[in-house]
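Here is a short briefing on one protein model. Please look over the sequence and the structure first, then read the points by topic.

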Amino acid sequence: DQGYDVFAQVVWGARTSLAVAACAAVASTVIAATLGLLAAYSGGWIDDTINLLTNVFLVIPTLPLLIVISAFIPTRGPVIMVLILGLTTWAIEARIFRGQALSLRNRDFVLAAKVAGEGTWGIIWREIVPNMVSRIAAGFVFVFYGSIIFAAGLEFLGFGDVNATSWGVTLYWAQNNSSVLQGAWWHFVFPGVAIALTVAALVFINYGVDELSNPRLRRPVRKRRLLLRLVSGRAAVRAEEAR
């Protein structure tokens with residue numbers, strides 16, 4: 001009705017949607033890694049305080065919390081969206097990072113660093129973090145595609161900058177213009193497909209990172225190939241004997 005090119009909106013809106021989600025994922029991952037590692041290594045009242053804060057954010061549903069926060073903020077825009085998402089989506093990964101850091105805290109290389117007189121932050125960032133890079137990368141991808149969904153949901157409900165161009169805003173105008181009732185299916189199908197394909201791709205990437213970082217999930221490719229060669233060789237011998 002307004003003469004907008006939906007294809008151009010979906011392509012151009014990918015910049016805003018992916019940039020907002022990526023920045024929010026970076027902020028959330030940094031907060032989660034810092035709090036999780038600090039809680040695991042320090043223990044005591046610091047661990048109890050961070051655990052209490054994490055439990056509060058885990059108990060409150062994320063999307064309603066985002067809606068309430070967005071409703072009370074007068075300004076709208078990508079920066080505000082990044083701050084809202086980054087400051088509210090860190091709790092799950094913080095709990096995971098804490099659990100993994102607890103398993104590394106009493107390793108020999110950490111105890112050797114303590115004996116050498118290395119400080120708390122030095123041990124965390126030089127000894128523990130390098131052994132958690134793969135898990136941190138997987139956590140970043142997880143928050144990344146979660147932020148895409150949350151940002152699109154908030155923009156669809158009208159809590160974003162409706163004058164910007166993004167996937168969620170395109171869906172917002174599709175709803176506002178009653179595209180479903182008018183039969184203009186392309187107005188809401190293509191941004192929805194873009195969100196779905198992007199999230200699916202990031203989920204597969206997350207599975208791949210987890211498989212590469214977790215030795216238990218690695219596929220024994222070499223052993224499988226040797227087994228296939230052995231089986232095929234035995235089959236050839238049996239065929240020759242049958243002849």
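Is T198 buried or exposed? T198 is buried, because its relative accessible area is 19% and the cut-off for buried is under 20%. The model is a predicted one. The protein has twelve helices and zero strands. Of its 243 residues, 37% count as buried.

**Overall layout**

- Read from the N terminus, the elements run α-α-α-α-α-α-α-α-α-α-α-α.
- Helix α1 covers residues 6–42, helix α2 covers residues 44–59, and helix α5 covers residues 91–105.
- Further along, helix α8 spans residues 133–156, and helix α11 spans residues 186–213.

**Helix α1 and its ends**

- Helix α1 holds 37 residues. From its first C-alpha to its last it reaches 52 Å, close to the 54 Å expected at 1.5 Å a residue.
- At the start of α1, D5 makes a contact through its side chain. A side-chain oxygen of D5 comes to within 3.1 Å of the backbone nitrogen of F7.
- Just after α1 comes G43, with a positive phi of about 70°.

**Salt bridges**

- How many salt bridges does a search of the whole structure find? The search finds two.
- One is formed by D47 and R98, whose closest N and O atoms are 2.9 Å apart. D47 sits in helix α2 and R98 in helix α5, so this pair links distant parts of the chain, 51 residues apart.
- D47 counts as buried because its relative accessibility is 10%, under the 20% cut-off. R98 is buried too, with a relative accessible area of 18%.
- E93 and R135 form a salt bridge, with their closest N and O atoms 3.0 Å apart. E93 lies in helix α5 and R135 in helix α8, so the pair ties together parts that are 42 residues apart in sequence.
- E93 counts as buried, because its relative accessibility is 3%.

- G99 lies in helix α5. Its relative accessible area is 38%, so G99 is partly exposed.
- The C-alpha atoms of G99 and G36 are separated by 8.0 Å. Along the chain, these two residues are 63 residues apart.
- R105 also belongs to helix α5. At 24% relative accessibility, R105 counts as partly exposed.
- Between the C-alpha atoms of R105 and L37 the separation is 9.5 Å. R105 and L37 are 68 residues apart along the chain.

**Helix α11**

- T198 has its place in helix α11. Its side chain reaches the backbone oxygen of A194 at 2.7 Å.
- I195 is in helix α11 as well. With a relative accessible area of 12%, I195 is buried.
- Which residue has its C-alpha atom separated by 9.9 Å from that of I195? The residue is L18, 177 residues apart from I195 along the chain.

**A surface patch**

- L52, V56, V59 and I60 form a nonpolar patch on the surface. Together they have about 370 Å² of accessible area.
- L52, one of these residues, is found in helix α2. L52 counts as exposed because its relative accessibility is 56%, over the 50% cut-off.

**A positive phi in a loop**

- Most residues other than glycine have a negative phi.
- S178 has a positive phi of about 55°, although it is not a glycine.
- Where does S178 lie? S178 is in the loop between α9 (167–176) and α10 (179–182).

Definitions and conventions:
Residues numbered from 1 in each chain as written. Predicted model: local features only at pLDDT ≥ 70, side-chain atom pairs only at ≥ 80, totals over all residues. Heavy atoms only, no water. Patch = residues over 30% accessible without salt bridge, like charges linked within 9 Å, V, L, I, M, F, W, Y side chains within 5 Å. Areas by Shrake-Rupley, 256 points an atom, 1.4 Å probe, with all protein chains shown as cover. Salt bridge = Lys/Arg side-chain N within 4 Å of Asp/Glu carboxyl O. Helix = DSSP H or I, 4+ residues; strand = E, 2+ residues; numbered from the N terminus. Buried < 20%, exposed > 50% of the residue type's maximum accessible area, 1.4 Å probe, protein only. Expected span 1.5 Å × (residues − 1). Polar contact = N/O pair within 3.5 Å; in protein donor to acceptor, adjacent residues only side chain to side chain.
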